[in-house]
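Subject: Handover of a structure and notes on its features

Dear colleague,

Please find below the structure that I am handing over to you. My notes on it follow.

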Amino acid sequence: MQLIEEVAEKDPRLGDLCVSYMLSLSPATKKEDADALLDKAIAFCVGRRDSLLLTACYLHNSQQTPASRDASLALLLKTYLAVLSAARKTPSQSVILAGGEIAANATHDMLTKDLFPALSRAVKRNAEMAIPCILRAATSLKVDPSRYLSFLVDTCMHLFKQESETARFTSLLSTTIQRCSDGEAILNFVLSLLKEMDQGRFTPAVRRVVYVGVHVILANVRERVMGKTAVTALGKGMSAQLLKTVQKETNAAAKVACCDCLGAAVSMSGVVSEDVMKWIEANTAATAFKQGVLFVLMQATSTPCQSFNAELLMPKLGEVITAAIARPFIAGCDGVMALPSLVQLSILAGKEVPAVVSQALQEGSVLLQNSVLFGNKEDEIVARWTHQSILRLAVLAMNGHALKEEEQMRVVQLVFVLMVGAAWRAEA
């Protein structure tokens, strides 16, 4: 067994094969006899804790009788939590993987009463040590993760505060939310994140990252998993909460990221609430639209709702586009974002599309040159909004007759430019 232990330390699966081979040499013919031998092997592996815990998990997967599987799973969970409790640094990769195997097989009671509470406490005690473990456990679940979102709040908040951890929380949230079917649980999860952000008095830079995380959550909600009714209800609830948040946000960069979330929630809800419309209209009274408001308006005009004050909004959008044409390197993105909203409002109001749209879409337009479409490397959110505006404009061009034929062709050319540009940047 010492040799098997040395093999397992280098490759747990190879250690599992060695133990399985030894068991295959035994004379046991019944499932009960084979499980009894596996019980002994698991007990031996568990006794070695760190080095053979993952091998013990693989052996558990080979057990046949429910009684043996339940008993060995309880032993594995107890051992894993003991290793986690005693850890002062990040456990070995095999222990982290063992936690994932245990989470994948654990019952609801084990997850809610033992595993996730222990992992959550470990994150509070030593985040750097525990976060790899909770990430593995959360992403290994084979059941709907909705019930366990509350245990991820501390982990997410810690990752939000680390500038280099965007990829980790994006992976965690996308993998988890895509399998959630409970919209109320997702809403409560987001509310908990926003509450922790407010209570922690985070810097504007960290607040912006929190909003980026919230947008990842909204972007990964799946209608085929939750159902259309639940998605719509979630969108309405998120719109109401995010509107309050964006109204009290004072930092410009953080406000842009919060508007990104609000726009996604409005699109998800399929309707534009009266409060959101009042907020949009109130911002038109300012000297000029802000980028975040322009994006939310574009999402709002994409919904079936037609209760827009076109007499107020259309002239203001025209002013934004005119200013952008005059100063494309300063306000170019604002102008691009205003285009689809102005075209959509013209259609809804039954009016001719203003001449400023034709001016913006003419061949050689300074508003639609590559330096405007791809010049926002320092702000990925604004760059994404700009590209979404072009795609939305293409939908309007193809589905209606508001634009002239040459303008429609110009929009299609822009979509091609975006596709080629995206492919080129992906290869680079």
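Predicted model: local features only at pLDDT ≥ 70, side-chain atom pairs only at ≥ 80, totals over all residues.

Which residues in α11 are buried? Gly183, Ala185, Ile186, Leu187, Phe189, Val190, Leu193, Leu194 and Met197 of α11 are buried, where buried means under 20% relative accessible area, exposed over 50% and partly exposed in between, with a 1.4 Å probe and protein chains only. Their cover includes α9, α10, α12, α13 (223-226) and α14 (228-248).

Residues are numbered from 1 along each chain as its sequence is written, and side-chain values use heavy atoms, with hydrogens and water left out.

The overall picture

The protein chain has 23 helices and 0 strands; these are DSSP runs numbered from the N terminus, with helices (H or I) of at least four residues and strands (E) of at least two. Of its 428 residues, 51% are buried. Among contacts in the chain with a separation of 6 or more, 71% are between residues 24 or more positions apart, a contact being heavy atoms within 4.5 Å.

Aromatic pairs

The structure holds 4 aromatic pairs. Rings of Phe, Tyr and Trp (its six-membered ring) pair if their centres lie within 6.5 Å, and planes under 30 degrees apart count as stacked, over 60 as edge-to-face and the rest as tilted. Phenylalanine 116 belongs to helix α7 (residues 108-125), whereas tyrosine 148 sits in the loop between α8 (127-140) and α9 (153-160), 32 residues apart. Both phenylalanine 116 and tyrosine 148 are buried. A second stacked pair is formed by phenylalanine 295 and tryptophan 385, at 4.5 Å centre to centre and with 10 degrees between the planes. Because phenylalanine 295 lies in helix α17 (residues 291-301) and tryptophan 385 in helix α22, this pair ties together parts that are 90 residues apart in sequence. Phenylalanine 295 and tryptophan 385 are likewise buried. Ring pairs also link Phe116, Tyr148 and Phe151 into a cluster.

Alanine 138 is found in helix α8 and is buried, with a relative accessible area of 3%. Not counting residues up to four places away in sequence, alanine 138 touches Phe116, Leu152, Leu172 and Arg179. Serine 389 is placed in helix α22 and is buried, at a relative accessible area of 1%. Leaving aside neighbours within four places in sequence, serine 389 is in contact with Met298, Val336, Met337 and Pro340.

The largest pocket

The largest pocket has a volume of about 470 Å³. Of the 21 residues lining this pocket, Thr166, Arg208, Val212, Glu380 and Ile381 are the closest to its centre. On a 1 Å grid over the protein atoms alone, a pocket is an open set of points where a 1.4 Å probe fits, with protein on both sides within 12 Å along at least five of seven lines, and lining residues have an atom within 4 Å of a point. Helix α12 gives the most to the lining, with 8 residues.

With kind regards

Methods:
Points joined across faces, edges and corners; volume = space filled by probe spheres on them.
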